[in-house]
Amino acid sequence: MIFIELINSEHIHGPDHVDDHLDKAEWLYEALKAWGFEIRDIAPWVGPLRELRIVLRAAVAELMEFGQLNEANISQLNSFLGPITYRYRVDLDAEGKTALRGTFEDQSPTHVIALGFCRYLENEDMKRLKLCENTRCREAFIDPTRNKSKKWCASNACGNLTKVRAFRARKAVQVKNEKS
Ligand SMILES: [Zn+2]
């Protein structure tokens with residue numbers, strides 16, 4: 001999902017070490033292309049994308065803590081929603097069947113990404129939308145587990161943290177049982 005990729009373009013390694021992919025022109029050019037935008041001059045988009053990223057991260061944090069967005073989240077999202085022109089073309093596929101393909105005409109990634117986020121909240125289970133509980137990571141992810149219990153992202157470091165904690169928890173129960 002594009003909005004998840006945008007949030008995670010701020011790659012947090014620790015309190016003093018953040019790798020911001022938006023600073024890398026090549027990364028941003030390729031990402032925009034992969035998201036469906038052919039934008040030659042990407043420089044003007046760095047600022048708005050960074051602002052939208054702050055808004056999205058704050059919205060996910062609010063959802064995790066309170067289960068709903070606050071008024072500030074709503075007005076921030078509205079400031080990023082705008083007109084979107086989607087141009088369809090009809091084509092024939094290899095078997096001769098018609099195939100519709102579409103591209104964004106107005107080339108406004110912030111409108112499209114903000115809309116994608118709002119659509120997700122409306123159509124999907126927003127309780128699955130999370131930021132990794134490792135405070136040195138905070139990566140955004142969709143929790144696929146049935147009981148929505150996943151706390152850490154899929155990265156090795158955070159996964160190992162999960163294992164270490166589970167081990168410690170088991171150990172604590174063991175010690176308690178041995179004492180009683
Ligand atoms: Zn993580």
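**Reading a predicted model: core, helices and loops**

Visitor: Which residues have the most contacts inside the largest nonpolar core?

Guide: Phe3, Leu6, Leu52, Leu56, Val60 and Ile113 have the most contacts inside this core, which has 19 residues. Elements α1 (2-7), α3, α5 (109-123), β5 (129-131) and β6 each supply at least two of its residues. In soluble globular proteins, nonpolar side chains tend to be buried together. Keep in mind that this is a predicted model.

Visitor: What does Phe3 touch, not counting residues up to four places away in sequence?

Guide: Phe3 touches Leu56, Ile113, Gly116, Phe117 and Tyr120, with that sequence limit applied. Leu56 and Ile113 are also among the core residues with the most contacts.

Visitor: How confident is the prediction, and where is confidence lowest and highest?

Guide: The average pLDDT of the protein is 90. A score of at least 70 is reached by 96% of the residues. Confidence is lowest in helix α6 (residues 156-179), with a mean of 73. Confidence is highest in α4, at 98.

Visitor: Now the helices. At what angle do α3 and α4 pack?

Guide: Start with the general idea. Two packed helices are described by the angle between their axes and the distance between the axes. Here, helix α3 (residues 43-66) packs with helix α4 (residues 71-80) at about 145°. Their axes are 10 Å apart. The crossing is left-handed.

Visitor: Which residues make the contact?

Guide: From α3 come Leu52, Val55, Ala58, Ala59 and Glu62. From α4 come Asn73, Gln76, Leu77 and Phe80. Sorted by type, the contact has six nonpolar residues, two polar and one charged.

Visitor: Let me try a strand. Is Phe141 buried or exposed?

Guide: Count the C-beta neighbours. Phe141 has 20 inside 10 Å, so it counts as buried. Phe141 lies in strand β6 (residues 140-142). Leaving out residues up to four places away in sequence, Phe141 touches Lys130, Cys132, Cys153 and Ala154.

Visitor: How far apart are Phe141 and Ile7 in space?

Guide: Their C-alpha atoms are 9.6 Å apart. Along the sequence, 134 residues separate them.

Visitor: What about backbone angles? What is phi of Arg138?

Guide: Phi of Arg138 is positive, about 55°, although this residue is not a glycine. Lys148, also a residue other than glycine, has a positive phi near 50°.

Visitor: Where do these two residues sit?

Guide: Both are in loops. Arg138 is in the loop between β5 and β6. Lys148 is in the loop between β6 and α6.

Visitor: Is each one buried or exposed?

Guide: Arg138 is buried, with 21 other C-beta atoms within 10 Å. Lys148 is exposed, with 12 other C-beta atoms within 10 Å.

Visitor: What does Arg138 touch, not counting residues up to four places away in sequence?

Guide: Under that limit, Arg138 touches Ile12, Leu131 and Cys132. Cys132 is also touched by Phe141. Finally, take Arg138 and His17: they are 121 residues apart in sequence and 13 Å apart in space, C-alpha to C-alpha.

Terms used: Residues are numbered from 1 along each chain as its sequence is written. This is a predicted model: local features need pLDDT of at least 70, side-chain atom pairs count only at pLDDT 80 or more; totals for chains, interfaces and linings use all residues. Helices (H or I, at least four residues) and strands (E, at least two) are DSSP runs, numbered from the N terminus. Two residues are in contact if their C-beta atoms, placed from the backbone, lie within 7 Å. Axes are lines fitted to C-alpha atoms, for helices over the stretch in contact, and angles run from 0 to 180 degrees between N-to-C directions. A crossing is left-handed if the near helix is turned anticlockwise from the far one by less than a right angle, and right-handed if clockwise. Ala, Val, Leu, Ile, Met, Phe, Trp, Tyr, Cys and Pro count as nonpolar, Asp, Glu, Lys and Arg as charged, and the others, Gly among them, as polar. pLDDT is the predictor's confidence in each residue, from 0 to 100. A nonpolar core is a set of buried Ala, Val, Leu, Ile, Met, Phe, Trp, Tyr and Cys residues joined through C-beta atoms within 7 Å.
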